[in-house]
Amino acid sequence: MHTDTPCGPAGHDTALIVTDMLNTYEHADADLLVPSVRAALPAVTGLIGRARDCGMPVIYVNDNFGQWRSHHGEIADTALEGRHPELVEPVLPAEDSLFVVKARHSVFYETPLAYLLGTLGVRRLVLTGQVTEQCVLYSALDAHIRHLDVVVPRDAVAHIHADLADAALRMMARNMQADIVDTADRAF
């Protein structure tokens with residue numbers, strides 16, 4: 001049960017997950033993805049700011065671009081050198097942000113995220129980022145099977161294919177009991 005706080009019902013058991021927003025946009029589907037990222041960016045940056053103001057953990061989970069020796073600074077630098085630095089700069093991690101490197105779709109697959117969430121006492125995730133019908137969907141499923149509550153602000157996730165993203169959001173709501181919201185209504 002969540003108790004109301006000045007930041008909403010989140011309490012101290014919620015974390016904001018920012019998925020794959022540090023992106024070079026140098027991949028096959030980038031031209032399809034970029035317009036959706038542009039549309040989602042204000043909601044994502046708004047949630048990051050609100051989470052920071054509330055003292056909520058902001059955890060970036062990002063692809064490593066196949067560079068296994070990279071760390072978050074190098075990933076950010078690589079993304080800033082990509083095709084759309086204007087989509088990266090507004091979401092750059094703060095010095096105190098937590099960062100997990102991933103190599104596959106789910107934020108949990110072969111990462112220390114579950115352990116990190118446990119040490120923080122997190123039971124509820126707000127999933128933002130890209131791509132709705134891929135990484136966000138698989139991350140929501142992995143969170144659900146770990147008995148974590150999931151919130152997906154539909155305006156703070158970006159997609160490649162709108163029809164698949166809509167289907168993914170419906171699947172998350174129906175099959176994973178995810179709370180699908182708009183950031184203007186409530187995300188946390």
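In the second largest pocket of this predicted model, α2 provides the largest share of the lining, five residues. Helices (H or I, at least four residues) and strands (E, at least two) are DSSP runs, numbered from the N terminus. A pocket is an open set of points on a 1 Å grid over the protein atoms alone, where a 1.4 Å probe fits, with protein on both sides within 12 Å along at least five of seven lines; lining residues have an atom within 4 Å of a point. Both α2 (72-80) and β3 (98-102) supply at least two residues of this lining. H72, L80 and F99 are among the lining residues. The space amounts to about 180 Å³, a volume being that filled by probe spheres set on the points.

The largest pocket holds about 390 Å³. It is lined by 19 residues, of which D20, N23, H27, D63 and Q134 are the closest to its centre. Two or more lining residues come from each of β2 (58-63) and α5 (132-145).

The largest nonpolar core has 35 residues, and L16, L22 and Y25 touch the most other members. Such a core is a set of buried (under 20% relative accessible area, 1.4 Å probe, protein chains only) Ala, Val, Leu, Ile, Met, Phe, Trp, Tyr and Cys residues joined through side-chain atoms within 4.5 Å. α1 gives the most, 11 residues. Another core, of 27 residues, lies apart and includes I17 and V122.

Residues are numbered from 1 along each chain as its sequence is written. Local features need pLDDT of at least 70, side-chain atom pairs count only at pLDDT 80 or more, and totals for chains, interfaces and linings use all residues, while side-chain values use heavy atoms, with hydrogens and water left out.

Key: Buried means under 20% relative accessible area, exposed over 50%, partly exposed in between (1.4 Å probe, protein chains only).
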